[in-house]
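Q: I have a structure open and have not looked at it before. Can you walk me through it?

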Amino acid sequence: MKTLTLYFREYCSLCHQMLAQLQPLRAQYGFDIDVVDVDADPVLEERYNELVPVLVDGDTEICHWHLDEARLAARLAAHTGEIG
């Protein structure tokens with residue numbers, strides 16, 4: 001199963017909104033979500049500070065602030081047939 005990373009802040013309403021929007025898509029597209037608190041790591045905090053929430057696949061940003069379902073679907077479709 002593919003794992004996407006969501007850079008997140010606990011007090012961020014947009015972060016919670018994106019996480020909630022991703023839940024039904026997990027079953028549909030078959031991916032996992034690794035939620036990472038940017039405030040727990042100074043490097044991540046500096047990199048993603050005002051962009052959170054940020055959804056990434058490896059090193060590739062899919063979207064930030066608001067979920068881009070079309071871009072997510074395209075990214076996941078690009079992985080169809082890949083092993084791992």
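The chat below goes through the sheet, the helices and the salt bridges.

Q: What kind of model is this, and how are residues numbered?
A: It is a predicted model, where local features need pLDDT of at least 70, side-chain atom pairs count only at pLDDT 80 or more, and totals for chains, interfaces and linings use all residues. Residues are numbered from 1 along each chain as its sequence is written, and side-chain values use heavy atoms, with hydrogens and water left out.

Q: Okay, the sheet. What order are the strands in?
A: The order is β2-β1-β3-β4, in an open sheet of four strands with mixed pairing. Strands are DSSP runs of E with at least two residues, helices are runs of H or I with at least four, and both are numbered from the N terminus. Two strands pair if DSSP finds at least two bridges between them.

Q: Which strands stand at the edges?
A: β2 and β4 do; each has a single partner strand, so one side of each has no neighbour in the sheet. From one strand to the next, the twist averages 25°. Such angles run from 0 to 180 degrees between N-to-C directions, with axes as lines fitted to C-alpha atoms, for helices over the stretch in contact.

Q: How do β3 and β4 run, parallel or antiparallel?
A: Antiparallel, joined by four bridges. Asp-57 has Thr-60 in β4 as its bridge partner.

Q: What packs on the sheet?
A: α1 packs on it, touching β1, β2, β3 and β4, with its direction at about 160° to that of β2. α3 also packs on the sheet and touches β1, β2, β3 and β4; its direction makes about 160° with that of β4.

Q: Which residues of α1 are buried?
A: Cys-15, Met-18, Leu-22 and Leu-25 are buried in α1. Buried means under 20% relative accessible area, exposed over 50%, and partly exposed in between, with a 1.4 Å probe and protein chains only. The cover over the buried residues of α1 includes β1, β2, β3, β4 and α3, counting contact as heavy atoms within 4.5 Å.

Q: Where is the kink in α1?
A: At Gln-23, shortly before Pro-24, and it is about 30°. The bend at a residue is the angle between axes fitted to the seven residues ending there and the seven starting there. After α1 comes Gly-30, with a positive phi near 70°.

Q: New topic. How many salt bridges are there?
A: Five, where a salt bridge is a side-chain nitrogen of Lys or Arg within 4 Å of a carboxyl oxygen of Asp or Glu. In one of them, Lys-2 pairs with Asp-57, with the closest N and O atoms 2.8 Å apart. That pair links Lys-2 in β1 to Asp-57 in β3, 55 residues apart.

Q: Is Asp-57 buried or exposed?
A: Buried, at 4% relative accessible area, whereas Lys-2 is partly exposed at 21%.

Q: What does Arg-9 pair with?
A: Arg-9 forms a salt bridge with Asp-39 at 2.9 Å, N to O. Arg-9 is in the loop between β1 and α1 and Asp-39 in the loop between β2 and α2, so the pair ties together parts 30 residues apart in sequence. Arg-9 also meets Glu-45 in a salt bridge, at 3.9 Å, N to O. Glu-45 is in helix α2, 36 residues from Arg-9.

Q: And Leu-44, what does it touch?
A: Leaving aside neighbours within four places in sequence, Leu-44 is in contact with Tyr-7, Val-36, Val-38 and Asn-49. Leu-44 lies in α2 and is buried, at 16% relative accessible area.
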